Amino acid sequence: MKKFILPILFLFITAAFSTAQVDRSKVPQPGPAPKIQIGDYSSFVLPNGLKVFVVENHRIPRVSYSLTFIIQPELEGANAGIGSMTSELIGTGTSKRTKDQINEEIDFIAGSLSANAEGIYASSLKKHTTKLLDVFSDVAMNSVFKNEELEKTRTQMLSGLASQKDDPSAIANNVSSRVVFGKNHPYGEFETEASVSSVTLDMCNQYYKKYFKPNVAYLTVVGDITTAEAKKLVEKYFSTWQKGEVPVKSYEKPVIPSKSRVIIVDRPASVQSVINVCYPVDLTLANPDFFKIRVANTVLGGGVFRLFMNLREKHAYTYGAYSSFSVKPFATSFEADANVRNSVTDSAVYQILYEMKRIKDEPVPAEELQTAKNYLTGNFALSLERPQTIASFAVNTERYKLPKDFYANYLKNIEAVTSNDVQAASKKYILPEQANILVVGKASEIAEPLKQFSGEGKIEYYDSDANPVDPNAKAIPAGLTAQQVLDKYITA
């Protein structure tokens, strides 16, 4: 028995001695950024310009293919919805297969095939990859659209738009995009019932023929496959795809307001206000400030941080308050948002602006800064568990012209951000004095208190379709026609 007791006693004494050496009055110093091995990928380019990235992952006998089209957003105007409706039609038929045949062939191999606004995705067990690619390449290269499928898509989209009419968050998203980017920028337009109703089959066909080209596409291959196998298959199924000229258009840069604006979308029945503080930002992934503002935004509201703790935990105004920098391919924007009771709308706006100013004016304490870095590090590490993440890294590196070691040094660059870096980046990109303060809510209860936040001391009013409106204009009586107006004018 003594043989077991003595070693155990020794361990307890050693542990007690070790504990005694720790000075618990001081916060432990953070260690170096963890070194995470980013998975390797290989790449090649077909003569038609199709760029291919291969990520090998032999743990599961499955292979997935993702075809991403680098399509510059197009200003669709009165026909907004052409691109999204076209993507919905992908997979509903080709020159060789009907929709039912496509579905039957994919179901037979227990695979999946879907499309979205930027491309097409397919996956199956490795033993079925030849059959999958036969269908997948046919859908990508030879799609044919039918009017009956367009009408089904139109009905679904109109139903979705109808349900969003009374959704204040959806209204806020639409109006904020228009306010930030303007009506003459693709990011500033959105689908309406009128625009979706106007889209024709010919418009969708023209969009498909114009943009779905191999020379503006990236194909990622992920799974139980070698680069040699992938190259052989891709050459077999995609080498006949003809490249072509894809239009490139330029748009004016969105303008940051010179002074803060307060914009209200009046919803008389609302008992809550949707607050959205937003403005455009000149920032890309390749910008040296990217990691600094990534950390700064995390401290501000990129999770359960300052905005959340202030508006929810301290003041109980909301269930959650957050901020983000939305880095899109052709423009970036900042947004801070929260849903609050009507009675505290102005107080909530005040606290959002207060936190935006505080991160500019005060250095972030070391402990809070490290907590934000740990949060970013953990999320990044978790994302690496998915092989598709490595494929997206490869595409982003090529698409945004990033340094080849951008993701390999990601954690190192996050850890290198200092409190001074955060403050400097915040002064440059967090602009409470030049923000669009958009509120969707009951104007009669919230308008007057919100005037204090306007640089011009006034309120601007928009309708749910993002059109400026005069709040004092009288509503047109129901049933009144243009002829009746003319008749009354002549009589007068």
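I began with the salt bridges, and the count comes to 24. I note at the outset that the model is predicted.

**Entry 1, arginine 97 and glutamate 105.** I looked up this pair and found that the two side chains meet in a salt bridge, with N to O at 2.9 Å. I then checked burial, for which the cut-off is under 20% relative accessible area. Arginine 97 has 10% relative accessibility and therefore counts as buried. Glutamate 105 has 19%, so this residue counts as buried too.

Which residue forms a salt bridge with lysine 131? I found glutamate 105, the closest N and O atoms being 2.6 Å apart. Lysine 131 lies in helix H4 (residues 129-142) and glutamate 105 in helix H3 (residues 99-108), so this pair ties together parts that are 26 residues apart in sequence. For lysine 131 I read a relative accessibility of 33%, which means that the residue counts as partly exposed.

I followed salt bridges that share partners, and they join Arg97, Glu105, Lys131, Asp134 and Asp138 into one network.

I turned to strand S6 (residues 217-223) and asked how many of its residues are buried. Seven of the seven are, so the strand is largely enclosed by the rest of the structure. I sorted the residues by direction: Ala217, Leu219, Val221 and Gly223 point one way from S6, and Tyr218, Thr220 and Val222 point the other way. The residues on both sides are buried.

**Entry 6, pairing of S6.** Which sense, parallel or antiparallel, do the pairings of S6 take? With strand S2 (residues 51-56) I found the parallel sense, over six bridges. In that pairing, phenylalanine 53 has threonine 220 of S6 as its bridge partner. With strand S3 (residues 62-69) the run is antiparallel, and seven bridges join S3 to S6. Here valine 63 stands opposite glycine 223 in S6.

The secondary structure of the protein chain comes to 18 helices and 12 strands. Its C-alpha trace spans about 115 × 65 × 45 Å along the principal axes. Of the 492 residues, 45% count as buried. For contacts with a separation of 6 or more, I noted that residues 24 or more positions apart account for 82%. The accessible surface comes to about 26000 Å², and 54% of this belongs to carbon and sulfur atoms. Last, I looked at the charges: the protein chain has 55 positive and 53 negative ones, and their mean positions are 5 Å apart.

Definitions and conventions: Residues are numbered from 1 along each chain as its sequence is written. This is a predicted model: local features need pLDDT of at least 70, side-chain atom pairs count only at pLDDT 80 or more; totals for chains, interfaces and linings use all residues. Side-chain values use heavy atoms; hydrogens and water are left out. A salt bridge is a side-chain nitrogen of Lys or Arg within 4 Å of a carboxyl oxygen of Asp or Glu. Buried means under 20% relative accessible area, exposed over 50%, partly exposed in between (1.4 Å probe, protein chains only). Helices (H or I, at least four residues) and strands (E, at least two) are DSSP runs, numbered from the N terminus. Two strands pair if DSSP finds at least two bridges between them. Contact means heavy atoms within 4.5 Å. Accessible areas come from the Shrake-Rupley method with a 1.4 Å probe; for residues, only the protein chains shown count as cover. Lys and Arg count as positive and Asp and Glu as negative; His and the chain ends are not counted. The place of a charge is taken as NZ of Lys, CZ of Arg, CG of Asp or CD of Glu.
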